[in-house]
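Subject: Structure for you to look at

Hello,

Here is the structure I promised to send. Please open it and keep it beside you as you read.

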Amino acid sequence: MAGLTKNSPVPTEIKLHKQSRILEITFSDGKKFQYTCEFLRVHSPSAEVSGHGFGQEILQTGKKGVNILKIEPVGHYAIQLFFSDGHNTGLYSWDLLYKYGLNQDKMWQQYLQRLEEANATRDSETGRPADHQACRHH
């Protein structure tokens with residue numbers, strides 16, 4: 001998980017638009033980013049999604065309709081997002097969210113390419129959010 005780097009921008013406003021499934025964050029340098037709930041879910045910094053090292057990322061499928069149900073602050077450096085599919089193990093630091101904002105378009109295109117290569121879909125197979133599998137720590 002990315003920590004809070006000295007002098008990095010911090011959020012001055014965080015707004016969740018539940019109907020459009022958009023999380024909008026304004027940072028202290030004036031930049032404003034809009035993230036879809038799906039984008040944040042498929043790019044969760046949790047071990048369940050990002051794996052335990054480079055190249056171990058686990059492709060997330062069927063997350064098109066996912067929403068954020070709740071946002072909890074974590075200290076003065078991050079937020080924890082509670083998604084409608086039961087996922088809530090990723091901590092989104094201010095640095096990470098800022099980096100996501102700057103690289104969102106490229107990250108999204110890479111995600112869509114990975115889905116296509118895996119012959120997978122953004123749509124849930126059952127028409128409802130995909131089942132949640134807990135990350136087990138050994």
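First, the ground rules. This is a predicted model, in which local features need pLDDT of at least 70, side-chain atom pairs count only at pLDDT 80 or more, and totals for chains, interfaces and linings use all residues. Residues are numbered from 1 along each chain as its sequence is written, and side-chain values use heavy atoms, with hydrogens and water left out.

**The strands**

Helices (H or I, at least four residues) and strands (E, at least two) are DSSP runs, numbered from the N terminus. Two strands pair if DSSP finds at least two bridges between them.

Start with β1 (residues 11-17). Six bridges join β1 to β2, and the two run antiparallel. H17 has I22 of β2 as its bridge partner. β1 and β2 form a hairpin, with four residues between them. R21 sits in that turn and has a positive phi of about 55 degrees.

Next comes β3 (residues 32-36). β2 (residues 22-27) is joined to β3 by five bridges, again antiparallel. I22 is bridged to T36 of β3, and T26 to K32.

Which way do the side chains face? In a regular strand they alternate between the two faces of the sheet. From β2, I22, E24 and T26 point one way, while L23, I25 and F27 point the other way. Six of the six residues of β2 are buried (under 20% relative accessible area; exposed is over 50%, partly exposed in between; 1.4 Å probe, protein chains only). β3 has a covered face, F33 and Y35, and an uncovered one, K32, Q34 and T36.

**The largest pocket**

A pocket is an open set of points on a 1 Å grid over the protein atoms alone, where a 1.4 Å probe fits, with protein on both sides within 12 Å along at least five of seven lines. Lining residues have an atom within 4 Å of a point.

The largest pocket has a volume of about 670 Å³ (the space filled by probe spheres set on the points). Of its 23 lining residues, H43, S50, E57, Y100 and M107 are the closest to the centre. α3 gives the most to the lining, with nine residues.

Best wishes
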